Amino acid sequence: MLAADRHAAILAKLGVQRTVRVSELAESLGVSEMTIRRDIDGLDAAGALRKVHGGAASRTALSALEPGFGVNAEQRTDAKESIAATAAALIQPGMTVALTGGTTTYRLVDHLTGPLTVLTNSLPAAEKLHRTAPPGVTVLLTGGERSPSEALVGPIATATVRSLNVDLCFMGAHGVDSRAGITTPNLAEADTNRAFAEQCGRLVVLADSTKFGTVSLARIAGIDQVHCLVTDSSPEDPHYARTTDVLTPSATPPPNPQDTP
């Protein structure tokens, strides 16, 4: 089992029972107690949990639990649909765009029209595009290891993303914070998403307003790296507006640099 998977399993267990013993984790994950102690040391240093005698305890202020695609898909569906429809206005014919994993980016699939090339590591998005994409939409799937959010992550996915360039990247987020930035509880997914952020002309984050102020384990990008934040309700913190365009369903889309003569 990869370290990222062990970390996710430890944090998921803490999300349910708040404390856990080293011996219990070692048995359930099939690794040595020494390995679990090193994992706990690293997660404690990152602020994801509290190291205690014989085990670990949760830090309730940190969102480290990754519920999974199926659970998230049923949450705030109207907000996610309006965000996706608003984000689609940023796409121009002939672009190459990227869709990362997530239930809000998944809804963007219904708004895509050709000609367009789509790079994605989202298995649900790729499957839906395979069934429903209109003529002129070409789909590229990264490959990699499957995450709880049904995204392909890890070295293979990251290497594929780093070998390509896209005009726009539409990225989902577990947490959006004006100072901590865009975060996720999954370390491998954070690494792959950082590659997406680096390989795009413009980074567009899709996040409903419940994500504001949430800070997860791994940082993907700072708010100042986000070209546009598409959400259902503008954040109250003025720091967002100073560093990125904030686009809501009632707002006018920000100008695209490609439109400038």
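**Figure 1. Cysteines without disulfides.** A search of the whole structure, a predicted model, finds zero disulfides, where a disulfide is a pair of cysteine sulfur atoms within 2.5 Å. As a reminder, a disulfide is a covalent bond between the sulfur atoms of two cysteines. C169 is in no disulfide, and the nearest cysteine sulfur, that of C200, is 5.0 Å away. Seen from the other end, the sulfur of C200 has its closest cysteine sulfur in C169, at 5.0 Å, which is too far for a bond. Are C169 and C200 buried or exposed? C169 has 0% relative accessibility, so C169 counts as buried; C200 is buried as well, with a relative accessible area of 12%. Here buried means under 20% relative accessible area, exposed over 50%, and partly exposed in between, with a 1.4 Å probe and protein chains only.

**Figure 2. The surroundings of C169 and the nonpolar cores.** Leaving out residues up to four places away in sequence, C169 touches A98, T100, F196, C200, R202, L203 and V204; contact means heavy atoms within 4.5 Å. C169 is also one of the residues that touch the most other members of the largest nonpolar core, which has 25 residues; M171, V176, I182, F196, L203 and V205 are the others. A nonpolar core is a set of buried Ala, Val, Leu, Ile, Met, Phe, Trp, Tyr and Cys residues joined through side-chain atoms within 4.5 Å. Two or more residues of this core come from each of β9 (166-172), α9 (187-198), β12 (200-206) and β13 (218-221). With four residues, α9 gives the most to this core. Another core, of 24 residues, lies apart from it and includes I91, V109, V137 and L206.

Figure 3. Seven strands form an open sheet with parallel pairing, in the order β6-β5-β4-β9-β12-β14-β15. Helices (H or I, at least four residues) and strands (E, at least two) are DSSP runs, numbered from the N terminus, and two strands pair if DSSP finds at least two bridges between them. β6 and β15 (245-247) stand at the edges with a single partner strand each, so one side of each has no neighbour in the sheet. On average, neighbouring strands of this sheet are turned by 20 degrees against each other, direction ignored.

Figure 4. Strands β5 (residues 116-120) and β6 (residues 137-141) pair in the parallel sense over five bridges, with V118 opposite V139 in β6. Together with helix α7 (residues 123-132), these strands make a right-handed β-α-β unit: with the strands pointing away from the viewer, the path from the first strand over the helix to the second runs clockwise. α7 lies across β5 and β6, running at about 145 degrees to β6. Axes are lines fitted to C-alpha atoms, for helices over the stretch in contact, and angles run from 0 to 180 degrees between N-to-C directions.

**Figure 5. A closer look at T117.** T117 has its place in strand β5 and is partly exposed, with a relative accessible area of 23%. Not counting residues up to four places away in sequence, T117 touches M95, T96, V97, T138 and L140.

**Reading notes.** Residues are numbered from 1 along each chain as its sequence is written, and side-chain values use heavy atoms, with hydrogens and water left out. In this predicted model, local features need pLDDT of at least 70 and side-chain atom pairs count only at pLDDT 80 or more, while totals for chains, interfaces and linings use all residues.
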